[in-house]
Amino acid sequence: MHTPSSIWTDVDVLVVGAGPSGLTTAISAARHGASVLLVEKHEHLSHFPKATGVRPRVMEILRSWGLEEAVRSASQPARLSMLITPMLAVPGTELSIGLPEEGDVAAVSPSRLAVCPQDRLEAILLAHLRDDSLGFDADVWFGHELCGFETASDGTGVRAVIEGPTGMRTVTARFLVGADGARSRVRAEAGIALDELGSEGSHVSALFRADLSGLVAEPPYALTMTVAPGLEGMLVATGERDRWIYDIEWHPDLGETLDDWPEERLVERLRAVTGRADLQPEILGLFPWDFGAAVAAEQRRGPVFLVGDAAHRTTPRGATGMNTGMADGHNLGWKLAWVARGLAGPSLLDSYEQERGPVGRANAEASLVSRIGQPAAASLDHDFGVVYASDAILDSGRLSGRRAPHAWVEVAGRQRSTLDLFDGKLTVISGPAGEQVLRTSRELAASGLPVRAYRVGAEMLDSDRRLDQVYGLGRDGWVVVRPDGYVAASQPPGGDDAGIAVERQIHAALGRQPAALPAR
């Protein structure tokens with residue numbers, strides 16, 4: 001197939017893989033106006049609850065899309081700690097696994113960690129992407145597999161070959177996103193190397209149904225480690241009272257295969273672990289996986305991007321893997337959409353790897369270190385301590401590059417978190433004397449740029465008198481917050497030429513030069 005010099009696009013964004021990272025990327029891009037095609041080689045979403053912990057920062061993302069309550073309803077009450085016991089019928093010892101407790105989170109966020117199994121979370125995300133009332137230009141093809149792709153010589157897009165039930169199809173796209181897991185075909189086709197950071201062995205997880213009432217606490221521990229000789233393993237709550245994962249280490253390197261774990265052997269193991277010889281577990285499936293971490297050498301090559309496990313694979317410790325991937329997609333999707341629509345300059349896309357690359361590597365490396373016994377409050381840095389440094393963020397104040405703080409405010413007669421205001425546009429918040437900032441922001445919005453503005457004491461009221469404390473606006477300070485909830489620029493009070501300064505910062509946040517913008 002000849003590589004063209006430029007590509008006319010069927011869609012703006014082609015996403016390969018319908019896991020949480022791919023679905024989040026597709027939603028973020030579609031919400032910001034991109035045409036999106038999501039392809040998944042399997043016939044349906046996974047039935048296996050591979051991950052269960054949805055951390056507070058990702059719950060904030062879901063809240064901004066109106067999905068927090070749906071995810072909360074699909075979640076299971078659980079003790080955010082681990083029980084270590086010889087077997088389920090024997091008392092054990094409770095230890096912290098470093099997850100943030102509700103009281104620690106409440107002071108800084110309106111959201112809380114949820115124990116929502118991945119299969120339920122994916123279903124909620126897919127339904128949102130397909131919700132006709134939202135007007136998304138998005139399509140999802142299950143049972144379609146990427147066979148290969150070529151990149152235009154001028155980097156303007158890709159031509160991908162997709163195989164489905166009716167044969168081969170060619171799809172052209174401005175951007176290609178590999179959300180296709182640890183063995184990513186997109187990563188391999190793009191020629192991006194993988195840096196293996198380490199492994200603690202191979203594991204196989206059995207998904208089963210059984211009534212364990214009387215054996216497990218109510219609510220159950222998120223994790224229960226059984227340590228009796230020959231019964232070593234981990235029981236994981238999966239969102240339903242009678243559905244569980246039991247994970248064990250195994251040795252495919254020594255020739256062990258799934259055939260060595262027939263249903264009869266699994267039933268025998270579960271009876272021994274529970275101490276109930278009459279237990280009748282229903283085995284729903286087996287899932288082999290590697291307890292290791294790896295990072296792609298790049299998260300972007302031209303119009304090709306990687307998110308989730310395709311970019312950085314973590315161990316399950318700290319519930320970081322799925323959450324890191326979803327944060328990737330949330331960071332990337334709006335940027336792809338705005339560049340495709342001409343609202344932002346192409347250089348904005350450089351910020352994706354600049355911002356998410358260091359986070360992915362740090363989380364992958366940290367996942368190789370045990371969190372058992374660590375103070376739970378320390379893990380809040382994973383959610384709220386991330387600081388981005390990129391060409392799209394100007395180091396102009398203490399909040400620049402950080403997640404915009406939560407505070408309760410009143411807007412249009414409704415009490416809302418500041419976090420509820422950022423999706424969809426660049427959001428400018430100025431102090432009470434920020435008339436010039438407000439006027440300039442509205443002029444930019446009138447010219448066609450995705451900007452909204454609020455002035456404290458006018459369009460926005462400080463409900464709990466905490467806004468100024470966490471934002472430091474004073475009388476005439478201001479911040480520019482991106483759609484992903486991160487501060488692109490912040491100006492303390494007392495700055496000169498506020499109108500010129502905020503316009504320059506908005507240009508930088510969009511990866512554009514003022515001369516390239518529509519005339520005002």
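Tutor: Start with strand 19 (residues 408-411) and strand 23, which pair in the antiparallel sense. This is a predicted model: local features need pLDDT of at least 70, side-chain atom pairs count only at pLDDT 80 or more, and totals for chains, interfaces and linings use all residues. Residues are numbered from 1 along each chain as its sequence is written, and side-chain values use heavy atoms, with hydrogens and water left out.

Student: What makes strand 19 and strand 23 a pair?

Tutor: Two strands pair if DSSP finds at least two bridges between them. Strand 19 and strand 23 have two bridges. Therefore they count as paired. Val 411 stands opposite Met 460 in strand 23.

Student: What is a strand here, and what is a helix?

Tutor: Both are DSSP runs, numbered from the N terminus: helices are H or I with at least four residues, strands are E with at least two. The protein chain has 13 helices and 25 strands.

Student: Why is one side of strand 20 and of strand 23 left without a neighbour in the sheet?

Tutor: The open sheet has three strands in the order 20-19-23, with antiparallel pairing. Strand 20 (414-417) and strand 23 (460-461) stand at the edges and have a single partner strand each, so one side of each lacks a neighbour in the sheet.

Student: Why is Ser 441 called buried?

Tutor: Buried means under 20% relative accessible area (exposed is over 50%, partly exposed in between; 1.4 Å probe, protein chains only). Ser 441 has 1%, so the label buried applies. Ser 441 lies in helix 11 (residues 435-446).

Student: What does Ser 441 touch?

Tutor: Contact means heavy atoms within 4.5 Å. Not counting residues up to four places away in sequence, Ser 441 touches Val 428, Val 451, Ala 453, Val 502 and Ile 506.

Student: How do you know that Ala 114 is buried?

Tutor: Ala 114 has 2% relative accessibility, so it counts as buried. Ala 114 lies in strand 6 (residues 114-115). Its contacts, leaving aside neighbours within four places in sequence, include Thr 52, Met 59 and Arg 72.
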